[in-house]
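Come and read along with me.

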Amino acid sequence: MPTRTPEPTTVTTRALAPDLARGFMLLFIALANSHYFLSGRPVLGGYPQDGSSLDSAVTWLIATFVDGRAFPMFGLLFGYGVAHMVRRQADAGPRAVRRLLWRRALALVVIGTLHGLLLYAGDILAAYGVLLFLGAWAVRWKDGRLLATATLFFVLCALPGDDSLSISADPPDAALLPADALTMIVERAQVTPWIALLGPVGFMCPFMLGLWAGRRRILERSDRYGMLLRATACAGVGAAVLGAQPVSLMLAGIVPVPDHATLTLIGPLHDATGVLGGLGYAAAVALLAHRLGNRRGTVVEAVAATGQRSMTCYLAQSVIWTLVFTPFLLDLSADLTVTSTAILALATWTATVLLARHLHRGGRRGPFEVLVRRVTYGRRRASTGLQGRPVTPFNEVSAPSDRVDGRAEPRSVRGSCAAPRNLT
């Protein structure tokens with residue numbers, strides 16, 4: 001049977017929920033990553049402990065709703081998008097599908113490694129690539145095996161231990177804040193491979209759940225899976241908020257720091273319930289997207305455009321962190337507070353939203369989305385359909401809905417833990 005590699009999904013066939021979820025979660029990524037650069041005073045969980053009352057309040061908010069809650073949702077959407085790619089390759093054999101996924105994985109590893117060396121030591125793109133090299137074999141697994149693997153890795157990440165960043169007292173190291181360019185390359189060359197290899201451990205649970213959900217297109221079919229989505233949203237976000245409190249109250253200075261044995265319990269609790277929170281956030285955004293339907297105003301369109309260009313926008317954040325915090329550039333890591341850094345993160349995210357909206361209105365894709373697509377599909381297929389403005393993000397979660405823009409879309413012929421700093 002001849003191998004078929006269909007063209008990338010166009011904007012007119014994209015479901016709103018995954019794009020909107022990624023667009024919003026990029027704000028959480030910015031909030032979660034930026035405070036780890038703060039230095040010059042004692043820190044705990046990446047937060048300076050000598051701030052004002054306002055800093056304590058901001059710390060509580062971020063530790064409760066953001067830290068460890070965004071990366072599981074991206075892992076879920078990553079798996080969801082892989083399931084979509086496999087479905088679109090329904091006429092190709094397993095070997096052809098694996099080659100397609102491995103090409104995308106290779107592009108992520110190369111771009112992520114360069115990103116980790118030159119911009120941000122906590123890169124996640126290479127970890128996604130490593131995960132996809134392994135996950136390419138899992139796309140043919142039965143549902144029971146996917147769910148069992150997800151459960152296993154969830155339990156592993158919930159086991160007591162002192163590796164959680166939420167309880168770490170380590171200040172920013174030379175890989176995050178290098179004194180000069182040579183130190184930057186040397187230090188990050190040692191850190192980046194470890195993050196790429198260990199990062200998939202934290203991603204594995206949501207990734208497997210994403211494969212399972214993507215087969216059913218749960219995020220796009222809120223009318224059919226509404227009860228499941230509502231239960232997941234309420235239980236997931238509720239568990240994340242409650243499970244965060246022992247760490248959040250400690251980081252905010254409301255309760256004293258407990259002994260080491262207690263820390264080894266509440267750190268993994270914060271991380272494990274964060275996985276549930278990520279699932280809950282994804283479900284909540286899916287319900288919101290269903291409620292919005294085709295009523296997409298300027299803000300919704302702009303945030304969705306950001307999600308469509310999530311790789312470019314994610315890398316743009318790192319450019320800002322590099323300029324602002326690097327010691328041989330602006331060197332503001334000792335001057336900014338938790339509050340001012342949160343404002344910087346919000347401003348950075350807003351700038352990427354405006355950039356994405358500008359590209360969307362001009363019918364242009366993000367440059368890194370173009371690059372990854374060309375590696376995955378080849379130059380001709382990656383550039384087809386420009387009138388439809390194909391814009392797929394780095395994690396390829398552009399699953400088409402059953403009805404888009406009021407027109408019925410054809411269905412597929414047949415279906416087929418303690419994380420690094422930026423994995424929060």
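Entry 1: I began with a definition: a residue is called buried when its relative accessible area is under 20%. I kept in mind that this is a predicted model. I looked up Arg 41 and found 16% relative accessibility, so Arg 41 counts as buried. Its side chain meets that of Asp 50 in a salt bridge, with N to O at 3.7 Å. My reminder to myself was that side chains of opposite charge can pair when their charged atoms come close.

**Entry 2: counting the pairs.** How many salt bridges does the count come to? I noted five salt bridges.

**Entry 3: around Asp 143.** I went on to Asp 143, which is partly exposed with a relative accessible area of 25%. The side chain of Asp 143 meets that of Arg 215 in a salt bridge of 2.7 Å, N to O. Arg 215 lies in helix H7 and Asp 143 in helix H6 (residues 143-158), so this pair ties together parts that are 72 residues apart in sequence. I also checked Arg 215, and at 24% relative accessibility Arg 215 counts as partly exposed.

Asp 143 forms a salt bridge with Arg 216 too, where the closest N and O atoms are 2.2 Å apart. Here again distant parts of the chain are linked, since Arg 216 is in helix H7 and Asp 143 in helix H6, 73 residues apart. Arg 216 counts as partly exposed, at 23% relative accessibility.

**Entry 4: H4 against H7.** Next I followed helix H7 (residues 181-216) to helix H4 (residues 94-118); the two pack at an angle of about 135 degrees, with their axes 8 Å apart. That angle makes H4 oblique to H7. H4 passes H7 in a right-handed crossing. I listed the residues in contact: Thr 113, Gly 116, Leu 117 and Leu 118 of H4, and Met 184, Ile 185, Arg 188, Ala 189 and Thr 192 of H7. Sorted by class, the residues of this contact are five nonpolar, three polar and one charged.

**Entry 5: H10 against H12.** How do the axes of H10 and H12 cross? I found that helix H10 (residues 298-308) and helix H12 (residues 338-361) have axes that come within 8 Å and cross at roughly 90 degrees. The two helices are therefore roughly perpendicular to each other. Among the residues making the contact I marked Glu 301 and Val 303 of H10, and Trp 349 and Arg 357 of H12. By class, I wrote down six nonpolar, five polar and three charged residues for the contact of H10 with H12.

Conventions:
Residues are numbered from 1 along each chain as its sequence is written. This is a predicted model: local features need pLDDT of at least 70, side-chain atom pairs count only at pLDDT 80 or more; totals for chains, interfaces and linings use all residues. Side-chain values use heavy atoms; hydrogens and water are left out. Axes are lines fitted to C-alpha atoms, for helices over the stretch in contact, and angles run from 0 to 180 degrees between N-to-C directions. Helices (H or I, at least four residues) and strands (E, at least two) are DSSP runs, numbered from the N terminus. Angles under 35 degrees count as roughly parallel, over 145 as roughly antiparallel, 65 to 115 as roughly perpendicular and the rest as oblique. Contact means heavy atoms within 4.5 Å. Ala, Val, Leu, Ile, Met, Phe, Trp, Tyr, Cys and Pro count as nonpolar, Asp, Glu, Lys and Arg as charged, and the others, Gly among them, as polar. A crossing is left-handed if the near helix is turned anticlockwise from the far one by less than a right angle, and right-handed if clockwise. A salt bridge is a side-chain nitrogen of Lys or Arg within 4 Å of a carboxyl oxygen of Asp or Glu. Buried means under 20% relative accessible area, exposed over 50%, partly exposed in between (1.4 Å probe, protein chains only).
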